[in-house]
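Take a look at the model below. The paragraphs after it walk through it piece by piece.

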Amino acid sequence: MNSFNELLKIAEKPKHFGKLEGATKEGVALECGEAVKVFLKIEGEKIKEAKFYGAESMLSKAAGELLMESIEGKKVEDVKKMQKDDMLKLVPFELTPSKEALVLLPFNALKEALK
Amino acid sequence: MNVEKIRKDFPFLRRRINGKRIVYFDNAASSQKPRQVIEAMRAFYYEHYANVHRGIHTLSEEATSMYEKSRENIASFINAKPNELIFTKNSTEGINLVAYSWALNNLKPGDEIVLSVLEHHANIVPWQFVCKKTGAMLVYLDINSEGTIPEREYEKINRKTKLVSITHVSNVLGTIVPVEEISKIAHENDALLLVDGSQSTPHMPVDVKKINCDFFVFTGHKMLGPTGIGGLYIREGLIEGLPPFLYGGDMIKDVQLYESVFANPPQRFEAGTPQIAEAIGLAEAVKYLKSLGMENVREHEKRLLSYAIKKLSSLSNVEFYGTRNIEARAGVIPFNVKGFFSTDVAMFLDENAVAVRTGMHCAHPLHRRLGLKSTARASFYIYNTEKEIDYFVEVLEKIKR
């Protein structure tokens with residue numbers, strides 16, 4: 001599979017990219033040269049809205065988009081239970097070590113936000 | 001230099017990535033190894049292996065001779081004497097050795113260490129640690145937009161300066177730093193000079209006596225040798241007075257319960273069983289480079305660099321950085337494709353079997369100074385060709401939305 005073009009499709013216009021006004025939780029993750037920030041608006045038990053910001057590479061951008069999409073509307077307790085493998089499964093490409101690190105950036109930022 | 005003949009010596013070139021012939025432009029990170037180096041290490045393990053020093057038995061004596069002969073050959077490659085060359089794991093360890101052995105014992109508050117913004121983290125982070133421990137301060141030589149150090153910056157080297165620690169060649173921009181000139185200024189001010197030769201030793205003739213530096217570090221894996229072996233040159237007259245960095249076996253003359261007598265250099269700085277096979281592998285790499293002639297290696301890379309700059313200039317979607325003066329630059333080109341992050345560019349290149357590095361190349365301060373978030377970096381070596389550059393440029397041209 002041509003992952004570059006697949007990625008480009010997801011990362012081109014991510015709906016969940018940007019800063020979120022009135023976020024109730026925020027988290028940041030750093031990886032050599034890249035930083036991703038995650039914003040969450042939590043109402044009651046659920047994540048009402050989720051956005052991410054700062055991802056530069058298509059990999060972290062695509063991963064951020066897929067992750068935010070998957071957690072919106074979910075219970076905070078369920079999202080807290082998400083493991084690294086759950087994140088990797090969201091991304092429909094074969095991941096090598098450096099690519100995996102970029103994909104995990106938004107996930108690690110989410111974990112920080114929910115600490 | 002016969003590049004086609006050289007290419008036959010490198011088994012990795014048979015490798016296909018995504019069905020395509022590999023184009024390896026990640027040489028500033030690490031070079032590939034010729035079969036001669038791999039074979040020398042294999043032969044050592046098959047036929048001559050034992051621990052070195054004080055063995056008496058045949059294998060140990062053979063291993064010792066081969067290890068020490070390797071030191072002679074590697075030392076002569078940079079015009080040093082064998083007793084001025086300490087084997088290390090890599091350049092980073094060499095710089096740390098100087099930091100622990102010399103700097104921590106000689107610096108005090110008010111002293112200054114002069115670096116440049118071109119430095120790799122290996123030549124920044126150890127000195128930050130030294131400054132925290134001793135109260136000395138870091139001073140940075142700045143660069144111009146081309147990535148060279150303007151002469152007026154040298155005025156920062158003064159009587160307070162105790163050490164100038166500077167790269168010979170920038171691992172990002174390829175800038176060749178005039179270290180001989182800096183050596184004069186440092187010594188006029190009674191400061192010592194450390195030159196980080198990680199990116200110069202593999203690519204051009206290096207003569208530590210001509211540079212007139214006090215310390216010089218290099219790493220084997222960037223110059224056709226194995227990983228895990230590098231060298232630290234400390235000039236005669238200085239090395240004898242320095243205390244050990246690591247303590248243990250192999251670095252002593254006598255050990256009593258509460259006191260020890262340390263060995264003479266370089267053994268004083270090589271505690272524990274050393275990288276014997278790796279030293280032998282690096283000596284073979286040096287032999288290979290000597291047979292090509294380092295002047296010829298440099299000429300080949302200048303040719304590739306000037307060809308690549310010409311080709312890249314014709315691409316409207318690519319910007320690249322560093323001086324256009326080939327004489328003052330090694331074969332390293334950092335670049336970006338407009339509208340894409342460096343990781344994306346490298347992924348696309350990898351899908352087409354072109355290997356480049358991305359990110360900030362262990363030079364965060366330099367990227368910030370240049371106002372760049374990251375770059376992709378192509379870097380050349382003896383086995384690269386103009387044809388490979390043509391293909392690389394063809395692939396780059398296709399990166400569009």
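Helices (H or I, at least four residues) and strands (E, at least two) are DSSP runs, numbered from the N terminus. This is a predicted model, in which local features need pLDDT of at least 70, side-chain atom pairs count only at pLDDT 80 or more, and totals for chains, interfaces and linings use all residues. Residues are numbered from 1 along each chain as its sequence is written, and chains are lettered from A and ligands numbered from 1 in the order in which they are written.

Start in chain A. Leu105(A) sits in helix 5 (residues 97–113) of chain A. A residue is buried if 20 or more other C-beta atoms lie within 10 Å of its own, exposed if 12 or fewer, and partly exposed in between, with C-beta atoms placed from the backbone. Leu105(A) counts as buried because it has 29 C-beta neighbours inside 10 Å. Two residues are in contact if their C-beta atoms, placed from the backbone, lie within 7 Å. Leaving out residues up to four places away in sequence, Leu105(A) touches Ala29(A), Glu31(A), Glu34(A), Val36(A), Ala55(A), Ser60(A) and Ala63(A). Leu67(A) is 38 residues from Leu105(A) along the chain, and their C-alpha atoms are separated by 11 Å.

Now cross to chain B. Nine residues from chain A and ten residues from chain B make up the contact between them. On the chain B side, helix 10 (residues 342–351) gives the most, with five residues. That side divides into four nonpolar, three polar and three charged residues. Here Ala, Val, Leu, Ile, Met, Phe, Trp, Tyr, Cys and Pro count as nonpolar, Asp, Glu, Lys and Arg as charged, and the others, Gly among them, as polar.

Next comes a sheet. Four strands of chain B form an open sheet in the order 13-14-17-16, with antiparallel pairing. Two strands pair if DSSP finds at least two bridges between them. Strand 13 (318–320) and strand 16 (357–359) of chain B each have a single partner strand, so one side of each is left without a neighbour in the sheet. Strand 13 and strand 14 (residues 332–337) of chain B are joined by three bridges. One pair of bridge partners is Val318(B) and Val337(B).

The arc is that of the directions from the helix axis to the C-beta atoms.

Helix 5 (residues 125–134) of chain B buries Pro126(B), Trp127(B) and Val130(B). They fall within an arc of 95°, so they line one face of the helix. Their packing partners include strand 7 (161–167) of chain B.

Strand 7 of chain B leads on to strand 8 of chain B: the two run parallel, joined by five bridges. Ser165(B) stands opposite Leu194(B). In strand 8 (residues 192–196) of chain B, five of its five residues are buried. Leu192(B), Leu194(B) and Asp196(B) point one way, and Leu193(B) and Val195(B) the other way.
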